[in-house]
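Notebook open, structure about to go up on the screen. I'll jot down what I look up as I go.

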Amino acid sequence: MSKEEELSKINEEIAKCTRCRLSLYRTKPVPGEGNPYAKVMFIGEAPGRFEDLQGRPFVGAAGKLLTELLNGIGLSREEVFITNVVKCRPPNNRDPREDEIKLCSSFLERQIEIIDPDVIVTLGRHSTRYILGRAGYKVDSIMRVRGREFEISLKGRRRKVLPMLHPAAALYNPRLKNLLEEDFRKLRKMLSKSSRRTLDQYF
Ligand code: URA
């Protein structure tokens with residue numbers, strides 16, 4: 001099966017999923033979207049109102065900022081893959097609960113394996129806690145880990161992880177927006193190193 005086929009199979013499973021209570025509230029599930037061959041994968045928290053209506057991740061105000069930050073380092077949304085830890089909108093945009101994240105996690109884990117990105121960017125505390133937690137890190141504050149490069153083992157593969165603040169937190173706070181811009185510059189550096197390594201394979 002091609003990556004495209006494997007990803008659409010996951011999307012179909014998500015559309016039918018009733019593993020947790022969030023399925024009761026959804027208008028559309030939001031499995032994620034982007035390039036199946038992406039070098040960088042962004043993992044947010046959960047769909048909000050607009051995402052739930054459109055079935056697409058990060059299409060509201062936080063999504064607009066995410067798109068701007070991507071463009072600022074020369075990337076387009078189409079080049080990357082964007083998803084969330086939970087694929088259905090929590091009622092009234094409450095935080096996703098531990099059991100919901102756990103029940104949804106196999107979809108995310110399979111997406112990571114299929115896309116096989118050079119860098120995983122976790123946006124906000126929920127996805128950061130989940131991904132770094134998989135490697136035994138206990139994250140109590142996103143501020144302590146944001147902008148730092150982690151290398152962890154996920155299902156036997158080494159993975160680079162760069163935690164960042166959630167774009168929604170930076171929307172109305174210029175200080176946090178500066179930090180997020182700094183983290184995107186760090187991402188650009190990490191990606192340029194990873195493409196150099198690919199070139200090295202030829203010489
Ligand atoms: N916030 C998220 O974490 N994910 C989305 O898809 C939209 C807003």
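First, a term I need: two strands pair if DSSP finds at least two bridges between them. Strands (E, at least two residues) and helices (H or I, at least four) are DSSP runs, numbered from the N terminus.

Ground rules before I go on. I'm looking at a predicted model, where local features need pLDDT of at least 70, side-chain atom pairs count only at pLDDT 80 or more, and totals for chains, interfaces and linings use all residues. Residues are numbered from 1 along each chain as its sequence is written, and side-chain values use heavy atoms, with hydrogens and water left out.

**Entry: strand S4**

I looked up the partners of S4. Five bridges join S4 to strand S6 (residues 157–164), and the two run parallel. I noted Leu-162 in S6 as the bridge partner of Val-121. On S2 (residues 40–44), I found four bridges to S4, again in the parallel sense; Val-40 has Val-119 as its bridge partner there.

Is S4 enclosed or open? I found that five of the five residues of S4 (residues 119–123) are buried, so the strand is largely enclosed by the rest of the structure. Buried means under 20% relative accessible area, exposed over 50%, partly exposed in between (1.4 Å probe, protein chains only). In a regular strand, side chains alternate between the two faces of the sheet. In S4 I see Val-119, Val-121 and Leu-123 buried on one side, and Ile-120 and Thr-122 buried on the other.

**Entry: the core**

Which residues have the most contacts inside the largest nonpolar core? I wrote down Val-40, Phe-42, Val-121, Phe-184 and Leu-187, in a core of 57 residues. Such a core is a set of buried Ala, Val, Leu, Ile, Met, Phe, Trp, Tyr and Cys residues joined through side-chain atoms within 4.5 Å.

**Entry: Leu-69**

I located Leu-69 in helix H4 (residues 61–72). Leu-69 is buried, at 8% relative accessible area. Leaving aside neighbours within four places in sequence, Leu-69 is in contact with Leu-180, Glu-181 and Phe-184.

**Entry: H5 and H6**

I found that the axes of H5 (residues 98–115) and H6 (residues 125–134) come within 12 Å and cross at roughly 70°. Axes are lines fitted to C-alpha atoms, for helices over the stretch in contact, with angles from 0 to 180 degrees between N-to-C directions.

Terms used
Contact means heavy atoms within 4.5 Å.
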